[in-house]
Amino acid sequence: MPKKIRDPAILNPTAGTAEGITEVRRQEALLKTGALQNAILNSANFSSIATDAKGVIQIFNVGAERMLGYTAADVLNKITPADISDPQEVIARAKALSLELATTITPGFEALVFKASRGIEDIYELTYIRKDRSRFPAVVSVTALHDAQNAIIGYLLIGTDNTARKQAEEALLKAGALQSAIFNSANFSSIATEAKGVIQIFNVGAERMLGYTAAEVMNKITPADISDPQEVIARAEALSLELATTITPGFEALVFKASRGIEDIYELTYIRKDGSRFPAVVSVTALRDAQDAIIGYLLIGTDNTARKQIEAEQKQLSQRLRDHQFYTRSLFESNIDAIMTTDPSGIITDVNKQMEVLTGCTRDELIGAPFKNYFTDPDRAEANIKLVLSEKKVTNYELTARARDGKETVVSFNATTFYDRDRKLQGVFAAARDVTERKRLDQVLQETNAELESAKFVAEKANLAKSDFLSSMSHELRSPLNVILGFAQLMDSDSPPPTPSQKASIDQILHAGWYLLELINEILDLALIESGKLSLSLEPISLAEVMHECRAMIEPQAQKRGISVAFPQFEIPYFVKADRTRVKQVLINLLSNAIKYNKVGGTVVVDCIASTPGRIRICVKDTGEGLTPDKLMQLFQPFNRLGQEANAEEGTGIGLVVCKRLIELMGGVIGVESTVGKGSVFWIELNLTAERQPAAGAAEPTAVAQAQVQHGAPRRTLLYVEDNPANLKLVEQLIARRPDMRLLSAADGNLGIELARNNQPDVILMDINLPDISGSEALKILRADPATTHIPVIALSANAIPRDIENGLAAGFFRYLTKPIKVNEFMDALDVALKYADKEGGQSK
């Protein structure tokens, strides 16, 4: 392309001369040049941009419009080529030219045309920016436009889109880099051989994967020598069948396809230097010379272990998934309930066999059908689905299913919504259980419960009757015993004292009477325990105090038999949570048995051991005959004396049974260990407590008061309300021994109330079972009357079961004494009541 374009109109002054001929020829050349320029200017493959001397665009051809997206009207007389060029590249070009030409060049249009303005041919690469702001690389040729005086009147910038060439260059660079990267990569084993297969190149990747150094294999072995021989043989046989030609097992089998120009990639097991193996994917290419003759082979391999492991894991996962699906389906099918799933609109999507049985329809018939169609009340069934969708689950929702044959079954539905892994609602999972039989059983159960309630009512009435009978029996037995034992006690302490013969008789009467009372108490206790009406007062009690009281009560019995009894010394105070009276009752029973069934001159040892955390064991050890294992098995059975009758010992055989029940009611346990010929150890375990029992009040008298009438002291009055003459006679004789007291008596409650009002006795002794009103009713009247409310009233009754005593004390009796009378206990109670009367009398004054 010429660097200068002149106006041809001024070039033809001598057109006919030789010089003119030369000029014509020159003009023709210029015309041809003009045609070329015109072709370039109008070409769509070149962007031709002409500017004035300052760079403002004057011409913008169709090629420029196509490449840059502007129309000529968008740019003519408006912008310079610098405005559609990458500004950073323009700045960089200005700096580079400033250094190259040792002059300062301003970034902008000047940087694009500076060389051309100095007459230097200039072609450079530049990034053009389209109207839509996208970019493309361009090669730009810049020419200065001169007028006739050779002055620059503008510039022509012809550009070509360089995108394709750039992409081609990058592709070539990438291809070369890829080949180089693959060959030199430690992740690929690149093994090149000569035509016969002997290794010539063994790259770092091959060294890393196979454990050999290049020196160990090059010019020594073929790739077949590091491959699984069985696989090489198998490959040779497979290719021989595939290609219908005999292929020798060895290197030939590895490169046969490549040698025939067939692309070949296969899996093979490589064997490392240490003998270990790994799966590889091998790509084989034949290497050829300029004449296309094979000069060797390139085997590029990748370690396939990870992929194989992934495949194995995927296979295992797939198997697990199949197993899980089978397991889930098995659960689905083996369930005794009819199970189904529906979509959110209530259309059945799956069912199990039980659902088919329930409806009489096949699985294919059910799937796709509305859930509600198989129930007697479709609206209620549809409401069930809606309820599940709103509440997320429903339990025990009853519906009646109707089978194809018309059979109806009451079912109880449990249903819940279910979702996919993205928590998108999929539908409803429901299980329907046949409750027809359960409904029938519920009806039977209701009827049975009604019968049981009726039986319970009858049993309660029977228990009440039994309690009333026991109370009545106790009363009827205790009343005569009261007379027998009371008068026997009087005779025993009479003055003058009885003769030895009389004393012996009195002792027999007292022994038999007290024994009969003990039998009555044991039978009553057992009856109360078995009826569940025995009440206990659990409180912290001191074992040391209980032991001391038991010792005082049991030593007279032991001394009579010549038995020594040893009690523990408590260095540490132990407190148990129990009923004090009942613990004493149990210990006295065990101690009495240990004495009763001991040998003459034997011993009884009581010991306390902290057995387990929070419990203490109390042991009673004797030196008796001991018990056989058979007898031990029967020991706590009622009315079983275990052959002790051979020893002529008294007993009902229920004492230990009562002990066992009492201990268990207090949260403890009782047991026994015995050796024939050596003796037995009976033990009880009770719960320890950190609580302490409240301090005891003032001690009450414990002996018969030997009251002495002080000179001038008034006599005290006792009013005894009793309808039994024998009981009245007994108390008369007891009071006769107290010169400080006089006795008034009344045979019924109303008379007793009248005497109390008129005579103001110091103490009232009241029987409970009176002919007109009961002693409890009489007490209420006395308490309600200001004239008698201060008088202490002591109950003296044959109603001696614990419930009677509790009710009496709750009613307001000062003391509740039971018949038969124990003289010491009776006198002590009188003394306490008199002290109370003195105190109350003093306050009232």
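Which residues do ring pairs link into a cluster? I looked, and the answer is Phe371, Phe375 and Phe413. A note to myself before going on: this is a predicted model.

**Aromatic rings**

I looked up the aromatic pairs next, and the structure holds 10. One of them is Tyr128 with Phe136, an edge-to-face pair with 5.9 Å centre to centre and 70 degrees between the planes. I found both Tyr128 and Phe136 buried. Then I turned to Tyr270 and Phe278: their ring centres are 5.9 Å apart and their planes stand at 65 degrees, so this pair is edge-to-face, since the angle is over 60. Tyr270 is buried, with a relative accessible area of 1%, and Phe278 counts as buried at 2%.

**Charges over rings**

I also checked for charges over rings. Arg93 lies over the face of Tyr124, at 3.8 Å from the ring centre. Arg235 lies over the face of Tyr266, at 3.7 Å from the ring centre.

**Helix 10**

After helix 10 I came to Gly261, whose phi is positive, near 80 degrees.

**Cysteines**

My search of the whole structure for disulfides found zero. Cys619 is in no disulfide, as its nearest cysteine sulfur, that of Cys608, is 7.9 Å away. Cys619 is buried, with a relative accessible area of 11%. Cys361 counts as buried too, at 8%.

Notes
Residues numbered from 1 in each chain as written. Predicted model: local features only at pLDDT ≥ 70, side-chain atom pairs only at ≥ 80, totals over all residues. Heavy atoms only, no water. Disulfide = S-S within 2.5 Å. Buried < 20%, exposed > 50% of the residue type's maximum accessible area, 1.4 Å probe, protein only. Helix = DSSP H or I, 4+ residues; strand = E, 2+ residues; numbered from the N terminus. Phe/Tyr/Trp six-rings, centres within 6.5 Å; stacked < 30°, edge-to-face > 60°. Lys NZ or Arg CZ within 6 Å of the ring centre and 35° of its normal.
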